[in-house]
Amino acid sequence: MNRSSVSHTETHLPGEFGIWLFVIGDMSVFGLLFGTYMFYRADSPDLYAQSQLALNKNFGALNTLLLLCSSWLVAMAVQHAKAGRGAFVPVGVAGAFCCGAGFAIIKIIEYWQKFAAGITPSTNDFYMFYFVLTGVHFLHLLFGMGVLAYMWLRFRICEWTPGDQSTLESGASFWHLIDLLWIVLFPLLYLLR
């Protein structure tokens with residue numbers, strides 16, 4: 001077979017290389033936290049199962065749905081930008097931001113309910129992990145919402161250029177990390193028996 005007749009597809013790492021270093025590093029840290037949680041859970045399964053009953057699975061499921069929708073909207077914004085339809089970018093990013101805001105409101109209500117019931121990180125090991133894992137994730141979410149706000153302003157105010165694709169992809173990659181982490185956290189904390 002002639003080499004010139006073979007179709008070569010160029011692989012493209014979305015966004016900047018630095019964002020992927022951050023994503024891999026962040027996932028490694030969360031992986032260690034997840035492993036530590038599972039180690040302690042195996043040592044006290046009854047305590048963890050009993051403590052888990054105080055979590056609101058409906059809130060957790062709704063937050064999962066919100067983040068999945070937000071990731072879909074960000075992915076659609078990236079696809080529209082690639083296809084030269086940059087006008088959809090601020091719409092998709094704004095929708096993702098609103099989903100993130102919904103997640104934040106629900107998580108604040110959930111935290112408030114726990115504190116009102118006298119449940120704090122010092123209640124037991126399960127709640128210590130619950131507050132640490134969801135709290136660090138919540139900080140990622142807030143930072144991610146800042147990234148989405150920047151992207152919305154950038155693409156709403158300035159003229160879209162193909163060079164902006166990397167900025168959009170980097171922001172989208174970080175936002176997908178937030179979604180991925182929650183997809184692990186939700187079953188780990190709320191559902192695993």
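Predicted model: local features only at pLDDT ≥ 70, side-chain atom pairs only at ≥ 80, totals over all residues.
Where does Glu-110 lie? In helix α4, residues 89–116. Is Glu-110 buried or exposed? Its relative accessible area is 0%, so Glu-110 is buried. Set aside the neighbours within four places in sequence, and Glu-110 is in contact with Asn-56, Phe-59, Tyr-130 and Tyr-190.

Next, helix α5, residues 125–157. Look at its start: a side-chain oxygen of Asn-124 comes to within 3.0 Å of the backbone nitrogen of Phe-126. Now the length. Helix α5 has 33 residues, so at 1.5 Å a residue the span should be 48 Å. The end C-alpha atoms are 48 Å apart, which agrees.

On to helix α1, residues 17–43. With 27 residues, α1 reaches 40 Å from first C-alpha to last, close to the expected 39 Å. Which residues of α1 are buried? They are Ile-19, Val-23, Asp-26, Phe-30, Phe-34, Tyr-37 and Arg-41. As background, an α-helix has 3.6 residues a turn, so residues three or four places apart point the same way. And what covers the buried residues of α1? The cover includes α2 (45–52), α5 and α6.

Last stop, the surface. Met-27, Leu-180 and Val-184 form a nonpolar patch there. Together they have about 220 Å² of accessible area. Take Leu-180, which sits in helix α6, residues 165–191.

Methods:
Residues numbered from 1 in each chain as written. Heavy atoms only, no water. Patch = residues over 30% accessible without salt bridge, like charges linked within 9 Å, V, L, I, M, F, W, Y side chains within 5 Å. Areas by Shrake-Rupley, 256 points an atom, 1.4 Å probe, with all protein chains shown as cover. Salt bridge = Lys/Arg side-chain N within 4 Å of Asp/Glu carboxyl O. Helix = DSSP H or I, 4+ residues; strand = E, 2+ residues; numbered from the N terminus. Expected span 1.5 Å × (residues − 1). Polar contact = N/O pair within 3.5 Å; in protein donor to acceptor, adjacent residues only side chain to side chain. Buried < 20%, exposed > 50% of the residue type's maximum accessible area, 1.4 Å probe, protein only. Contact = heavy atoms within 4.5 Å.
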